[in-house]
Every structure is written in structure tokens, then in C-alpha cells.
Amino acid sequence: MNTEIKVKFWGVRGSIPIPGVKTTKYGGNTSCVEVRLPDCLFIFDAGTGIRELGNQLCAEGKKVKAHIFLSHFHWDHIQGLPFFKPAYMKGNEIIIYGMGLQGERLEHIISNQMESVYFPVRLQSLQAQIKFKKLWEGNYVINGVKVDTLYINHPGRAMGYVISYKNKKICYFTDNEIVPIPLWTDETSQYEYKQDLAEKMLQLIDRADLLIHDAQYTYQEYQNKVGWGHSSIPEVLSLALQGGVKKLVLFHHDPESFDEHIDSHINSCRELIGDEYDIECFAAQEGMEIYL
Ligand SMILES: [Zn+2]
Ligand SMILES: [Zn+2]
């Protein structure tokens with residue numbers, strides 16, 4: 001039996017899609033990652049990248065059963081959903097998972113962006129069977145796959161996911177601000193939250209085969225963006241090294257980071273790694289595939 005997992009990147013950008021000549025190498029679509037397991041399809045986030053993934057699934061000509069895990073509900077993570085073609089086709093089944101928010105129904109959060117003032121087609125008129133499942137921090141088994149969830153550090157919160165299948169572990173942590181602990185010593189509750197989060201995170205990513213992590217800023221850029229909910233590249237690398245991660249993918253590139261910038265980010269990361277550490281590091285790129 002084939003136990004290989006394919007991970008494919010369909011959208012790697014943070015905040016807003018940026019098509020154009022300056023992003024032809026890494027791509028301009030917002031967050032969407034396909035994780036194809038031997039007998040099920042997981043999709044992480046539904047940014048504009050999910051449109052092309054949907055077209056690919058339709059081209060394969062089979063019934064689609066997709067489990068879509070949303071990190072949170074900022075536009076760059078849900079905006080592609082109304083353009084996901086399999087949702088328009090009878091016989092397909094789409095299960096959308098998102099973090100539970102007090103007093104808010106997941107279905108409403110998603111359907112609101114398809115209200116007639118914003119979009120011509122209502123969620124209710126889509127032909128596929130669409131289900132919604134709220135997740136809380138904890139652990140789940142979904143289609144036989146272990147899924148651990150963790151609330152991560154982002155304005156309004158986001159959810160990080162870790163999936164374990166056979167002996168492989170994949171972590172998806174986007175829109176997470178890794179904060180150096182000394183910054184938070186002025187607020188006790190924040191400090192405890194950060195420490196707690198840092199420990200939980202290290203436990204979850206421990207020796208992961210693949211860590212996909214928000215790395216929106218360089219160290220210098222981050223200094224003006226503290227509290228915006230994104231991480232600087234050196235912090236992400238340091239986390240991955242502490243966790244003994246095997247492959248690290250820098251994800252959720254800033255809309256102001258063009259191809260040449262991302263090339264230099266990844267080169268400086270690889271210089272820092274040198275021969276000293278046993279980790280492979282990549283910048284997420286539209287169309288990139290990783291097999292585990
Ligand atoms: Zn985002
Ligand atoms: Zn966000």
C-alpha cells in the first residue's frame with residue numbers, strides 16, 4: 001500500500017494576492033496547501049490559491065471529498081472558497097473545519113462573505129454537500145488521521161494544526177507571531193501565555209518531518225510590525241532548530257516581498273544553517289511539491 005504523503009503549495013502569500021511580474025517565481029496567491037494522504041484529501045486554508053487546486057481536482061474527474069482546515073477567518077485565508085469549483089458540483093462533499101469562537105457559528109462566518117452585497121452566489125445554493133465543524137484546542141481523529149490543534153498568537157487568534165499519519169508528522173502554523181520572551185515580561189498574563197504557548201508548540205513540532213510556518217518578515221521588518229501577528233524569519237528558524245524539525249518551509253510571504261527578496265531570505269537562512277544543523281529549509285513557492 002502506498003503510504004506516501006504529497007504536500008503541494010497552491011498559495012503562499014500573506015495578507016493580499018499580488019499577481020504580477022515581480023512574483024512570477026514564488027507566486028501571488030494567498031494561503032492554500034494541499035496535503036494528499038493515501039486515502040483522503042486535507043486542505044489547509046482557502047486563500048485565493050484554492051481556486052487553482054479546485055480546478056485541478058475537477059480535471060481529475062473523480063468525486064471530491066475534501067477536508068478544509070482554516071487557520072482563521074482573515075480574508076487571505078477564506079477568500080478563495082467561493083471560487084472552489086468542486087463546491088458547485090453535486091455529489092462532492094466538503095467539510096470545513098475552523099476554530100470555535102464564542103457566540104459565532106462557523107457557517108455564518110463563512111457564508112457572510114457570500115452575502116449578496118459581496119458576492120453573486122449564496123453559500124446555500126452550492127450543489128456539493130458542505131458541512132461545518134468547529135474545532136477547539138485539543139486532539140481529534142479525522143478520517144483516521146490524528147489532528148492536534150493549538151491556538152496560536154495572532155490578533156483574534158488563529159489555529160495551528162499538526163497531522164500525524166503513520167510515522168509522519170506535518171505542522172501547519174501560519175499567522176503566528178513567535179515573540180522573544182523578554183518582550184513580554186511587562187505583562188504577567190501575556191508572559192505566561194507566551195511561555196505556555198512556546199512549550200506547547202515545541203512539544204507539538206518535536207522532530208516533525210515538515211513544519212510550514214509564517215515567516216512574513218525579516219528581522220529588521222519585524223521591528224516595526226510587533227503585535228501584527230506574524231513572525232520574523234530568524235525566530236522561525238530558531239524554533240524549527242529547537243524542535244529538531246527535518247524540513248522547514250517559510251510561508252505567508254509579505255506582499256512587499258518580491259521574488260528577489262524571497263531569494264535573499266532563503267539564502268540567508270541557508271547560510272545560518274550552514275553545515276552545522278541537519279535541517280532542510282525552503283521558501284514556499286506556488287506549485288512546489290514535497291513528498292514525505
Ligand atoms: Zn494571513
Ligand atoms: Zn491573519
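This is a predicted model: local features need pLDDT of at least 70, side-chain atom pairs count only at pLDDT 80 or more; totals for chains, interfaces and linings use all residues.
Biologist: Which strands are the edge strands of the open sheet of 7 strands?

Modeller: The sheet has mixed pairing, and its strands follow the order S7-S8-S9-S10-S11-S12-S13. An edge strand pairs on one side only, and here that holds for strand S7 (138–142) and strand S13 (280–283).

Biologist: What is the bridge partner of Thr149 in S9?

Modeller: Strand S8 covers residues 145–152 and runs antiparallel to strand S9, residues 158–165, with 7 bridges joining the two. Within S9, the bridge partner of Thr149 is Tyr161.

Biologist: What angle does the direction of H7 make with that of S13?

Modeller: Helix H7 packs on the sheet, where it touches both S12 and S13. Its direction, compared with that of S13, makes an angle of about 170 degrees.

Biologist: Is the site of the zinc ion (ligand 1) tetrahedral or irregular?

Modeller: The protein donors of this ion are Asp76, His77, Asp175 and His252, which lie 2.1 to 2.3 Å from it. Four donors count as tetrahedral if all angles lie between 85 and 135 degrees. The angles among these 4 donor atoms run from 92 to 164 degrees, and the site is irregular.

Biologist: How many residues apart in sequence are the parts that His77 and His252 tie together?

Modeller: Both histidines, His77 and His252, are buried. Along the chain, the donors of the zinc ion (ligand 1) follow the spacing D-H-x97-D-x76-H. His77 lies in helix H2 (residues 75–78) and His252 in the loop between strand S12 and helix H7, so the parts that the pair ties together are apart in sequence by 175 residues.

Conventions. Residues are numbered from 1 along each chain as its sequence is written. Chains are lettered from A and ligands numbered from 1 in the order in which they are written. Side-chain values use heavy atoms; hydrogens and water are left out. Donors are N, O and S atoms within 2.8 Å of the metal (3.2 Å for Na, K and Ca); water is not among the atoms, so sites may look incomplete. Four donors count as tetrahedral if all angles lie between 85 and 135 degrees; four count as square planar and six as octahedral if opposite donors are over 155 degrees apart and all others between 65 and 115; anything else is irregular. Helices (H or I, at least four residues) and strands (E, at least two) are DSSP runs, numbered from the N terminus. Buried means under 20% relative accessible area, exposed over 50%, partly exposed in between (1.4 Å probe, protein chains only). Two strands pair if DSSP finds at least two bridges between them. Contact means heavy atoms within 4.5 Å. Axes are lines fitted to C-alpha atoms, for helices over the stretch in contact, and angles run from 0 to 180 degrees between N-to-C directions.
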